[in-house]
Amino acid sequence: LKAYLNKFINDGKFELTFHYDSDFKNTPRMRSFMDALFDIYKIELKDKNRLVLVSDELNNNAVEHGTGDCWENQFSAIVHDDGTNIYINIEVTDCGTGSAKQMEAMKKEKDSIWFDKHHSIRGRGLFLITEKIVDKLYFKDAKKWGLIVGIEKTI
């Protein structure tokens, strides 16, 4: 997998977008992809594991909450090493009915009720886990359908 992914690196920059079935069976594949990619960039184990967790969360939320009529998600990864920092941008696009405005409202609501102290098993990942790991969590409406959930991280 690493040899294959190396083909997409040009001047320290990796950029790849692919489409996949909106199904939890793809979670291990996504995890292996991200794990191999972060190994190529020699990202430290602690950061690598956290970023793989974030990509899992983005994928799993797209499958669980964003599967619409099309049953197809899109995954985009851009990683760039400029010699000083490694810049990571990951986006998952689903084909559900959610919107960026809805997600921003949900985030604001959860922030207002001290959501970081919430102890339920479900419903914490995207906001609680992801925001503590990445520099930026963002939402955009997809042009064709669904929602784009993205993260940015600089290491």
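Lys48 and Asp35 pair up in a salt bridge, with their closest N and O atoms 3.0 Å apart. Lys48 sits in helix α3 and Asp35 in helix α2, so this pair ties together parts that are 13 residues apart in sequence. Keep in mind that this is a predicted model.

Another salt bridge involves Arg31 and Asp56, where the closest N and O atoms are 2.9 Å apart. Here Arg31 belongs to helix α2 (residues 27–40) and Asp56 to helix α3 (residues 45–66), so to speak distant parts of the chain, 25 residues apart. Arg31 counts as partly exposed at 34% relative accessibility, and Asp56 is buried at 11%.

Then there's Asp135 with Lys153, whose side chains meet in a salt bridge at 3.9 Å, N to O. Asp135 lies in the loop between α5 (125–133) and β5 (136–141), and Lys153 in strand β6 (residues 147–154), so the pair ties together parts 18 residues apart in sequence. Lys153 counts as buried, at 17% relative accessibility.

Salt bridges with shared partners also join Lys2, Asp35, Asp39 and Lys48 into one network. Over the whole structure, the search finds 7 salt bridges. As background, side chains of opposite charge can pair when their charged atoms come close.

| Salt bridge | N to O distance |
|---|---|
| Lys48 and Asp35 | 3.0 Å |
| Arg31 and Asp56 | 2.9 Å |
| Asp135 and Lys153 | 3.9 Å |

On to the isoleucines. Which residues does Ile88 touch, if you skip those up to four places away in sequence? The list is Phe38, Ile43, Leu51, Ile78, Val79, Ile151, Glu152, Lys153 and Ile155. Ile88 lies in strand β4 (residues 86–93). Its relative accessible area is 3%, and because buried means under 20%, Ile88 counts as buried.

Ile43 is found in the loop between α2 and α3. Ile43 is buried too, with a relative accessible area of 7%. Leaving aside neighbours within four places in sequence, Ile43 is in contact with Phe38, Lys48, Ile86, Ile88 and Ile155. That list includes Lys48, the residue that forms a salt bridge with Asp35. Ile43 and Ile155 are 112 residues apart in sequence, yet their C-alpha atoms are 8.1 Å apart in space.

Finally, the second largest pocket. About 220 Å³ of space lies in it. What lines this second largest pocket? His19, Glu72, Asn73, Gln74, Thr93, Asp94, Ala142, Lys143, Lys144, Trp145 and Ile148 do. Strand β3 (residues 72–81) gives the most to that lining, with 3 residues. Sorted by class, the lining has 3 nonpolar, 4 polar and 4 charged residues.

Terms used: Residues are numbered from 1 along each chain as its sequence is written. This is a predicted model: local features need pLDDT of at least 70, side-chain atom pairs count only at pLDDT 80 or more; totals for chains, interfaces and linings use all residues. Side-chain values use heavy atoms; hydrogens and water are left out. On a 1 Å grid over the protein atoms alone, a cavity is a set of points where a 1.4 Å probe fits but cannot get out, and a pocket is an open set with protein on both sides within 12 Å along at least five of seven lines; lining residues have an atom within 4 Å of a point. Grid points are joined across faces, edges and corners, and a volume is the space filled by probe spheres set on the points. Helices (H or I, at least four residues) and strands (E, at least two) are DSSP runs, numbered from the N terminus. Ala, Val, Leu, Ile, Met, Phe, Trp, Tyr, Cys and Pro count as nonpolar, Asp, Glu, Lys and Arg as charged, and the others, Gly among them, as polar. Buried means under 20% relative accessible area, exposed over 50%, partly exposed in between (1.4 Å probe, protein chains only). Contact means heavy atoms within 4.5 Å. A salt bridge is a side-chain nitrogen of Lys or Arg within 4 Å of a carboxyl oxygen of Asp or Glu.
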